[in-house]
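User: I have a structure to study and would like to know what stands behind the terms used for it. Please go through it with me.

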Amino acid sequence: MDGLVSDFEAMETCQPRKDGGVNSAPHVLVIDGTSDTEAVLKAVLEPRGTQVERTRGTNIPRRVQEKTSPHVVVIDLDDASADATTTRYGDSHRILIGSVKTPVDERDRFLAKPFQYPELLQTIEDLLALPPAG
Amino acid sequence: MKKASLLVVQGVEQGTRFELVDRPLALGRDARNEIRILDSEVSRLHATIQRVKDDFVVTDRNSSNGTYVNGTVIRSHVLVDGDQIRLGNTLLLFSDVSQDGWKPNAADRVQLLRRHDPADRSSIVTHLGQDLVPAEVRSRDEAADSPHSLSVLYRIAEEVARPSSSLEQSLQRTLDLTVAAVLADRGCVLLSDPQTGEIQPQVTSQRVAGQPGTRMPVSRTIVDYVLKSKQGVRTTNAQQDSRFDPTDSIFQAGIREAMCVPMQGRHQLMGVIYVDITTPADYLLMAQDKVPGFREDQLRLLIAIGRQTALAVENHRYQHAFVKAERLAAMGQTIATLSHHIKNILQGVRGGSYLIDMGLNDHNEDLVRKGWHVVEKNQNKIYNLVMDMLTFSKERKPAYQQAQLNDTVHDVVELMQARADEFRVELIYQPAENLPLSTFDPEGIHRAILNIVTNAIDAVEGSDHATVKIETGLDPVSDMFWVAVSDNGPGIVEDQLQRIFNVFESTKGARGTGLGLAVSQKIIREHGGEITVDSRLGDGARFTMAWPRLDDDPHSGSRTVA
C-alpha cells in the first residue's frame with residue numbers, strides 16, 4: 001500500500017469518486033511545496049466548507065487518481081516531480097506555482113513566486129465556481 | 001596586512017587554508033589542535049608551527065611518521081614561501097606573502113631604455129631561434145657545463161611545477177635560479193599584459209650587489225627585437241670597433257653584456273627574460289681580449305628556461321581563469337540557492353502574516369494563532385539557515401567541553417517533536433544506558449543531529465507508519481561514540497548517495513537548502529569522525545554519526561578541557 005492511500009481513504013466519504021459517487025463538498029489538493037500553503041488554505045477555506053489536503057512523495061498521480069478527484073490541484077512546480085506536474089487529475093483545474101513563468105492551459109492558472117495569498121485564494125475560489133475542467 | 005598561511009593541497013581537507021598567527025600552533029589529528037589534520041597517518045600531536053622573529057619554524061613533535069619539508073624529513077625547519085610540508089598523507093603549502101613585502105616593485109628596479117636612448121648602445125652579437133638543434137661543443141667550458149645545464153633545467157622544471165600562491169613567487173624563484181645558473185649579475189622577467197600587450201617588468205633578481213637605488217637598464221630595442229623575431233639574443237654595449245678603446249665612455253663604465261630570450265607559450269609570446277653581466281673597466285685592462293661574458297651555450301640554456309617559464313606562466317593564467325570561473329559559478333549557485341530558500345521562507349511568513357491580519361480584522365483569535373504558528377515556523381527556518389551558513393563558514397570554531405551525549409540528543413528529540421507531530425511522524429528515542437560523560441562540542445553535535453533528524457522527518461512525511469528512530473551508543477571496540485538516525489521513508493537512490501554530502505546538493509527540492517548534511521559532516525569531521533549512510537530505495541535510510549572518544553588528557557599539558 002502506498003504512503004498516502006490511508007489519507008485518501010479517510011476522504012472517500014466526502015469526495016467525488018471515479019465510480020460516479022458524488023459529493024458536492026469542494027476539494028483542494030496541494031501537491032508538494034511547503035506545508036505553509038496547506039496551513040493557510042486550510043485555515044481560510046475549511047471554515048467555508050472546502051476540504052484542503054496536501055500530498056507529497058512518489059507516484060502522486062497514480063495515488064490521487066485512484067482514490068480522489070479534486071476540484072482544484074495546487075502544484076508547486078519547484079518541488080514537484082515531473083510526472084506530478086504534467087499529469088491531469090481527472091476534471092480538476094490546476095494552479096501551477098513556480099519561480100519561472102510557465103504557459104498553462106485555458107482551464108489552468110499560473111502564479112509566480114513569491115505570490116500573494118489573497119491572489120491564490122481568489123484564484124481557487126474562481127476555479128471552484130467554474131464547471132469541471134474536463 | 002597579508003599573513004602567512006598553510007594551504008591543504010592534498011588530503012581530506014584539500015582547499016582549506018589555515019592562517020598562521022604569532023602564537024604557536026599545534027598540528028595533528030587530535031581535535032584540540034589549532035590546525036586539525038584529518039588523516040589517520042598523522043599523530044595526535046604531530047608538529048608545531050611558531051613564529052620566530054620574521055620567520056615561521058615548523059617542529060616535529062616526535063610524530064610516528066615524521067614531518068617532511070620538500071621531501072626531506074625534518075626535526076625543526078625555518079619555512080620559506082612555497083615550502084611543502086607533508087604530514088602523513090596530507091600535503092600543506094606554506095605561503096608567506098609578507099616575506100616579499102620589503103621588496104620594491106619590479107618596475108621601480110628596471111629602467112626600460114627607450115628606443116634611440118643615447119644610453120642604449122647595445123648591439124646583438126648572437127641570435128638563436130627556439131629550435132634548439134644540438135650544437136657542436138665549442139669549448140671545454142661548454143662541455144663541462146652540459147651536466148650543469150641539465151641539472152639547472154631539472155631544477156627549473158621542478159620549480160615551475162611547484163605549487164605557489166602567486167605567479168610572482170614562482171617567477172621569482174625561477175629567475176633566482178636562472179641568474180645563478182648563467183652566472184649573470186642581474187636579471188628580470190618582463191611579461192606582456194594579456195589585455196594591453198604592454199610589456200612590464202614582473203620580477204627582478206640580483207646575484208651581485210649593486211649600488212643602492214641602481215636600476216637595471218633594459219634595452220627596449222633589444223626587447224622589441226626579441227618579441228618580434230622570437231629569437232634569443234646575446235648583446236653587448238661595446239661597439240665592435242671601439243670595444244677596447246680606453247677613451248670610450250663605455251669602456252670607462254665597464255662593458256655590459258646581456259642575454260634576452262623570448263618566453264614562448266603554446267599559443268602566444270608571454271614576455272622575455274633579460275639577464276646581464278658587467279665586466280669592470282680595470283678587469284678589461286688586465287684581461288685584454290679575453291673578456292669574460294656570456295657564452296652561446298648559456299644562451300641556449302636561457303632559451304630553454306624561457307620556454308619552460310612561459311609554459312608555467314600560461315598554465316598559471318589558465319588555472320587562474322579556471323578558478324575565477326569556478327568561483328563565479330559557485331558564487332552564483334550559492335546566491336541562487338539561498339535566495340530561493342529565503343524566498344520560500346518569506347512566502348511562508350507572508351502566509352502567516354496574512355492569516356494574522358485576517359484574524360485581527362475578524363476578531364478571530366484562532367486564525368491569529370494559526371497565522372502566528374506559520375510565522376514562528378518560518379522564523380525557525382531562518383534561524384537554522386543562518387546557523388548552518390555560519391557553521392559551514394569558518395566563523396564557528398568547535399567549543400569542546402565535557403557533556404552527556406544523551407542529553408544533547410534528548411534536546412534534539414524534544415525540539416523536533418512538534419515538527420514530527422505536525423507531519424504525523426513517530427519519533428522514537430533509544431538512548432544507550434550508562435553512556436559516560438565525554439568531551440565534544442555540544443552545540444555542534446546538536447546541530448549535526450538536528451539536520452539529520454529534520455531530513456529524516458521530511459523523508460518519511462506522508463509514509464504509512466512514518467517513523468524516525470534515534471539511537472545513541474559507545475562502541476567499546478573502536479571506542480567511538482555514535483548516534484544513529486533511521487527512518488522508514490522511500491530511501492535514497494544509489495547514485496544520489498555519493499552526492500548527498502555535497503554542499504547545495506538537496507534531494508528535498510524547494511524545501512532543502514543543500515546545507516544540512518554538508519554542515520553535519522563538517523561538524524562530525526571536526527570531531528575526527530564520519531557519517532555513514534546505509535540506504536536502499538524503498539527501504540528507508542540509516543545515518544550513523546560516529547566519532548572517537550576524545551582524550552581528556554591534553555597532549556601538550558598546556559590546554560585543558562573547558
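Analyst: B:Cys260 touches B:Ile222, B:Val223, B:Val226, B:Gly232, B:Val233, B:Val272 and B:Tyr274, leaving aside residues up to four places away in sequence. Two residues are in contact if their C-beta atoms, placed from the backbone, lie within 7 Å. This is a predicted model, in which local features need pLDDT of at least 70, side-chain atom pairs count only at pLDDT 80 or more, and totals for chains, interfaces and linings use all residues. Residues are numbered from 1 along each chain as its sequence is written, while chains are lettered from A and ligands numbered from 1 in the order in which they are written.

User: Why are α2(A) and α8(B) called roughly antiparallel?

Analyst: Helix α2 (residues 35-45) of chain A and helix α8 (residues 365-392) of chain B pack at an angle of about 175 degrees. Angles run from 0 to 180 degrees between N-to-C directions, with axes fitted to C-alpha atoms over the stretch in contact. Angles over 145 degrees count as roughly antiparallel, and therefore α2(A) and α8(B) are roughly antiparallel to each other.

User: Which residues of α2(A) and α8(B) meet?

Analyst: A:Asp36, A:Ala39, A:Val40 and A:Ala43 meet B:Leu367, B:Lys370 and B:Val374.

User: What makes β7 and β8 of chain B paired strands?

Analyst: Two strands pair if DSSP finds at least two bridges between them. Three bridges join β7 (residues 67-69) to β8(B), and the two run antiparallel. The bridge partner of B:Val69 in β8(B) is B:Thr72.

Methods: Helices (H or I, at least four residues) and strands (E, at least two) are DSSP runs, numbered from the N terminus. Angles under 35 degrees count as roughly parallel, over 145 as roughly antiparallel, 65 to 115 as roughly perpendicular and the rest as oblique.
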